Amino acid sequence: MGTLLTISGSPHVHSSQSVRKIMYSVFYAMIPAMLVSFYFFGLDAVRVMAISVIACILVEYLIQRYVIKGDLTINDGSAIVTGVLLAFNVPTNLPTFIIIIGAVVAIGIAKMAFGGLGKNPFNPALVGRVFLLISFPVQMTSWPVIKPLFAALKTDAVSGATLLGFYKENFDKIATTQETVHDFISAGLPQYDELGTVVSHQVLNYQDLLLGQMGGSMGEVSAIALLLGAAFMFYKKVITWQIPVSYLASSLLFAFVFWLIDPELYLNPVYHLMAGGLMLGIFFMATDMVSSPMSAKGQIVYGIGCGVITMVIRFWGGYPEGVSFAILIMNAFAPLINTSFKPARFGVVKVTKA
Amino acid sequence: MKQSSVHYKKEQIVNDVMIYAVISLSAIGVAAAVILFFVAQKFKVIEDPRIDTVQEALPSANCGGCGYAGCRAFAEAIVKAGSLEGLNCPVGGNAVMSDVAKIMGLEVEEKEPMIAVLRCNGSRENAPQKVKYEGAATCAFAHGLYSGESACPYGCLGLGDCVVSCDFDALYMDEITGLPVVIADKCVACGACVKACPRNIFELRPKGKKDRRIHVACINKEKGAPAKKNCDVACIGCGKCVKVCPFDAITLVNNLAYIDFEKCKLCRKCVEECPTNAIHEINFPPRKPKPEIKAGASEKPSPAPEPKEMPIATEIKANN
Amino acid sequence: MGGVHPPENKFSAGVAIESLPVSKRVYIPISQHLGAPSTVLVKRGDEVKTGQLIAKSSGFISANIHSSVTGKVFKVDEVMDQSGYRRTSVIIDTSDDVWDDGIDVSSELVTDISLSKQEIIQRINDRGIVGLGGATFPTHVKMMVPDGKKAEYLIINGVECEPYLTSDHRLMMEKGEEMLIGTSILMKALGVENAMIGIENNKPDAIGHLTQLAQKFKGISVHALKVKYPQGGEKQLIKALTSREVPSGKLPIETGCVVDNVGTAFAVYEAVQKNKPLIERVVTVTGKAAKKPSNFLVRIGTPISDLIEKAGGLPENLGKVIGGGPMMGKALMSIEAPIVKGSSGILLVPDEEAHRTPPKSCIRCGKCITVCPMGLEPYLLAQEIKHEFYEKAEKDRIMDCIECGSCHYTCPSGRPLLDFIRLGKNKVGQIIRTRGKN
């Protein structure tokens, strides 16, 4: 025999799963949303995406090479996923230096400072995004007007409003006047020129929401593209049903109840689902393996928590969008959820508490 | 524009707020002080002050080498026992123990300083690899799984549980031999490695006069043939050392020679006699060539090979 | 709950059982079962016949060992076993096969069960029958239901959920009737009315064959089960067939079930009806590196190398030899080790598949929790053991682990979870035992 026999404990076979495969599956799942954003936001989207991904990989490489001096793991794909997610969460007209700061915070502070992949308590892309949102509120909330690649520009507008932002701005007004949410939306979202004066209005219908023909962060606009990616991840068994379903159900139920109570004051749940980052959050960020709880029961609790907090922030918080904050808050609870929600043990009869 | 519609005079606000703040904070402070006082009275623990003094004299390594859970527990044990019989801090050695004895007003007998000794020389060269191990890098698991890469069921597994257990950085794995090495200057003989090794390869032995010592670097209890098959330098239980020892310090049990360090006078006769070089001498000056012994050796049908360079047998000094 | 789906790769499923010629020298270890090693009765130079008792059971949980060949005892010495440790074995140089008196070696089917309940248990004990599923627990101990407990069902395990292995499958196909008689014998010994044979859905031929045969037997039913590893785990099988869960830390008898392997049922038939001791068993030799995957009827004590030789010889690219299945089997130190009562298969793994991927950090994906059939948290247990938190691991039910290996199989980071859990079970077991003494 030329080679030595190998000795190891059982099992002697291994599934084809690997961290690398999981990360690349997530990456492939994000391609539809990426293409949609390239279509609606043009070259700017390509720029943001490229800078974010390259910066994330570079930061991880530099830290591993010169600070930690450990094994290089940049080829496991997790930095690419973080980069794409970070790009998905920012407007496409963001200046380059801000994106780089976001990447440094996401990878450097939220991930590598805790010891790298698997040890970060919070979703790195979201930490990066929230850091930017707090540090650069103006740049992070001035949304570019969509300009589909092959369509002629209709207006002189350079920036628009998002549905949620517009709603938040007018919430007090709605509450005190006779007007309804519906009136506002049917009047259309304002579009501004360089000087900030309203030059036109964009009227939204459900089809626009589904396809993503609206203002917003580059990755969150198209519901269909995100659903496609989610379906791929389910097929590849990268995500399980617990978090998406519980998140979706709890947030929609919450929105639905308030909409029923006062449909003139609160947005209807369909708008809540399709405008803003809820879809992206549900399928791509809340399901992040590292920062979410481990057991099925825990994941459901986590999903419900995310859903409720998202809606609470959207309704009564200071920001129009609550997805990032909700997920980060629940990330912080993940260890507690892990210790309190254990899987159902085999052969242990449930004893009713005396 | 929602400006506050209520208007106070500025001075009035300052006065009111300040007075209330001062009063309420003071009240909280007084209440807390009273509660703390009573709690402290209620839960007061009366301790022998000598425990603190003894603890201060101890090295605070908390290694557990004394057999107690940390230095505090050891100090409590000393004070409670009121004598130093059977109590020893291997880290501090005689110096610390005499300090402790002074505090306690007791006498302490001088203990010979000890060192951890690896009783295996199954390096990659001496005991060639027969299989390759993959899996959890812990000897404890590998010991339960199989006999070892060299197939010696007594030898070092080379996964370094001892190195992990050492709180004093006195052990490291030699990359070439695949065996752990004791750094003599750092070893305090706490015995952590002795406990950590699933095969009991480490033994605490006296450092010896001038740091010189002799031990059998093998614990293989197999018969000669199978032991030798796996490892060139295994003790084959031939008993030559037992015969040659003038002090009856060597015993042969289960095909394995053991040198009793209480009886050994470091004469080195057994070292020369061992046909497999399983007996190691450490820190002895090089031998003067003795022609008559060499002649005797060459008459044997299969002369023992010249002692190889054995990294394990030479001591590693921490200081340069 | 839980479970994984490793590729089945049952190459030898269609290969008929072949009798392996008796080897020139056999090595019969005196500890082939769970429990105390047996006491050797022979010495160097003794002549022994096939089926003669050579080592006597030395306690309640122990088993008799019989000579599997006719010949002369070369010596009683320590021989390297499958894990490389030396164990006392009886080494016999073989001559022409002569069976011991009173053993029926004809292939004639004996259907009438003439022995009484007590006699059956006595015979099983006497003939050295142990569980052939792999755990090698002495069968007569299982047959003696403790006071206050009552057996309701006998469950015959024909699941064979381990990939590659086909020895039980072939046995069911070729010795189905004998196996069913063995089942009836076990039912009589236990005093139960119902026996259930569980077979995974991936063996439709065996299910069909046995269902047809079982019509002639009273109280025996055949059940097709979902293909899932570890469906053949004792506790999982009971759950699948009766919906009862064996309480944590308790024996299957708590649920009124006794589980035996199909191989055991066949061995019981031979012992009770033919007076034949357990001296041979069916062993699958297979694997991606095996030149000719086969099922052999092998005498206990035959060196594994003889089996490999018969199955086409040693492959050039051999990287690992596994005794048993790929999920729970043991990697062998040496192919010179002998076949023992618990050997169900020999797996030859090519070098390219023999290695583990280097472990990476845990990405907390929770897959190990999802697949754990016992509802444990393997990632957590492995961490606790690594940091020596044995009490905490005990609270997290480390002792419930059945060591099926699903967690390591599924881990995308390739972490050696089961290695640490095994180590932990060992350590926690020691702690529990010392606590029991105090």
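## Overview of chain B

Chain B contains 11 helices and 9 strands. The model is a predicted one. Of the 320 residues in chain B, 38% count as buried. When contacts in chain B between residues at least 6 apart in sequence are considered, 59% of them join residues at least 24 apart.

Over all chains, the count comes to 43 salt bridges. One of them pairs the side chains of B:Arg72 and B:Glu47, with an N to O distance of 2.7 Å. B:Arg72 belongs to helix α3 (residues 70-81) of chain B, while B:Glu47 sits in the loop between α1 (10-42) and α2 (49-57) of that chain, so the pair ties together parts that are 25 residues apart in sequence. B:Arg72 counts as partly exposed because its relative accessibility is 24%, which falls between the limits of 20% and 50%. B:Glu47 is likewise partly exposed, at 39% relative accessibility.

B:Arg72 also meets the side chain of B:Asp52 in a salt bridge, at 2.6 Å from N to O. Here B:Asp52 lies in helix α2 of chain B and B:Arg72 in helix α3 of chain B, so this pair ties together parts 20 residues apart in sequence. With a relative accessibility of 36%, B:Asp52 counts as partly exposed.

In chain C, a salt bridge joins C:Lys142 and C:Glu234, whose closest N and O atoms are 3.8 Å apart. This pair links distant parts of the chain, with C:Lys142 in helix α2 (residues 139-143) of chain C and C:Glu234 in helix α6 (residues 234-242) of chain C, 92 residues apart. C:Lys142 is partly exposed, at 24% relative accessibility, and C:Glu234 is partly exposed with a relative accessible area of 30%.

Residues of chains A and C are joined in a network of salt bridges, made up of A:Lys342, A:Arg345, C:Glu377, C:Glu384, C:Lys392 and C:Asp396.

## Packing of helices α1 and α2 in chain A

Helix α1 (residues 19-41) of chain A packs against helix α2 (residues 43-68) of chain A at an angle of about 135 degrees, and the two axes are 6 Å apart. The angle lies between 115 and 145 degrees, so α1(A) is oblique to α2(A). On the α1(A) side, the contact is made by A:Met34, A:Ser37, A:Phe38 and A:Phe41; α2(A) contributes A:Leu43, A:Asp44, A:Ala45, A:Val46 and A:Met49. By class, the contact of α1(A) with α2(A) has 7 nonpolar, 1 polar and 1 charged residues.

## Helix α4 of chain A

Helix α4 (residues 96-109) of chain A has 14 residues, which should span 20 Å at 1.5 Å a residue. The end C-alpha atoms of this helix are 19 Å apart, in agreement with that expectation.

The buried residues of α4(A) are A:Ile98, A:Ile99, A:Gly102, A:Ala103, A:Val105, A:Ala106, A:Ile107 and A:Gly108. Elements of chain A that cover these buried residues include α2, α3 (78-88), α5 (124-135) and α6 (137-140).

Note on methods
Residues are numbered from 1 along each chain as its sequence is written. Chains are lettered from A and ligands numbered from 1 in the order in which they are written. This is a predicted model: local features need pLDDT of at least 70, side-chain atom pairs count only at pLDDT 80 or more; totals for chains, interfaces and linings use all residues. Side-chain values use heavy atoms; hydrogens and water are left out. A salt bridge is a side-chain nitrogen of Lys or Arg within 4 Å of a carboxyl oxygen of Asp or Glu. Helices (H or I, at least four residues) and strands (E, at least two) are DSSP runs, numbered from the N terminus. Buried means under 20% relative accessible area, exposed over 50%, partly exposed in between (1.4 Å probe, protein chains only). Axes are lines fitted to C-alpha atoms, for helices over the stretch in contact, and angles run from 0 to 180 degrees between N-to-C directions. Angles under 35 degrees count as roughly parallel, over 145 as roughly antiparallel, 65 to 115 as roughly perpendicular and the rest as oblique. Contact means heavy atoms within 4.5 Å. Ala, Val, Leu, Ile, Met, Phe, Trp, Tyr, Cys and Pro count as nonpolar, Asp, Glu, Lys and Arg as charged, and the others, Gly among them, as polar. The expected span of a helix is 1.5 Å times one less than its number of residues.
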